[in-house]
Amino acid sequence: YVVNIRWLRGCGAHCANLVSHSAASTIEQLRDAMACVHELGVLHARSIKYRAVFREIATSGEGKFTTLKPMCPTRWLCRARALESALDQYESVLESLSDMSQGGNGDVATKANGLLYQFQKCHTMLLLNMALKVFSLLEQLNRCLQAKTATISGMVDAVRVVKPQLESMRTTQAFETLF
């Protein structure tokens, strides 16, 4: 019984991960916007110069500074933090990418310029905000499904709670509020 419930916890979380990956991957613009957040995190991790420019810009204002992280390529339900960090610091992201694309040279400047172009598109911000809402909810579900105290009935109940919340996001009113 203990082995079976452990397997079910992992299986339920894996299924939720696969469904979210499939759904997000079928929408080209969303897939591309999320790839931009990932590439921003990679740039932040690999370029000391970009990291310094971003930190200086992000801490100069009244906003909070958090590290930009790449998204895990295999665990789609571990993406909300990366999305939230980029969205919370969007102005700093734009300014730092602009500085790097204008003041740098080589691959980092080219990457920064391409990312700046994508992040300046209004649909990128809209799609990332939509993704954050959905992935935040799915990550909570994922944590419930993987909890050591999870039971089969508890897992089913967690899905029953999340499903109407996701459905409520598919209304015109919810979209207008986000837009």
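Let's start where helix 2 meets helix 3: Leu 40, Leu 43, His 44, Ala 45 and Arg 46 in helix 2 touch Ile 48, Tyr 50, Arg 51 and Phe 54 in helix 3, with contact meaning heavy atoms within 4.5 Å. By class, that makes six nonpolar, one polar and two charged residues. Here Ala, Val, Leu, Ile, Met, Phe, Trp, Tyr, Cys and Pro count as nonpolar, Asp, Glu, Lys and Arg as charged, and the others, Gly among them, as polar.

A quick word on the source: this is a predicted model, where local features need pLDDT of at least 70 and side-chain atom pairs count only at pLDDT 80 or more, while totals for chains, interfaces and linings use all residues. Residues are numbered from 1 along each chain as its sequence is written, and side-chain values use heavy atoms, leaving out hydrogens and water.

Back to our pair. The axes of helix 2 (residues 28-46) and helix 3 (residues 48-60) come within 5 Å and cross at roughly 105 degrees. Helix 2 and helix 3 are therefore roughly perpendicular, a term for angles of 65 to 115 degrees; under 35 is roughly parallel, over 145 roughly antiparallel, and the rest oblique.

Now helix 5 (residues 90-103) and helix 6 (residues 106-119): their axes come within 8 Å and cross at roughly 140 degrees, so these two are oblique to each other. Their contact has eleven nonpolar, three polar and no charged residues.

Last stop, helix 4 (residues 80-88). Which residues of helix 4 are buried? They are Ala 80, Ala 82, Leu 83, Ser 85, Ala 86 and Leu 87, buried meaning under 20% relative accessible area with a 1.4 Å probe, protein chains only. These buried residues pack against helix 2, helix 5 and helix 7 (122-146).

Key: Axes fitted to C-alpha atoms, helices over the stretch in contact; angles between N-to-C directions. Helix = DSSP H or I, 4+ residues; strand = E, 2+ residues; numbered from the N terminus. Buried < 20%, exposed > 50% of the residue type's maximum accessible area, 1.4 Å probe, protein only.
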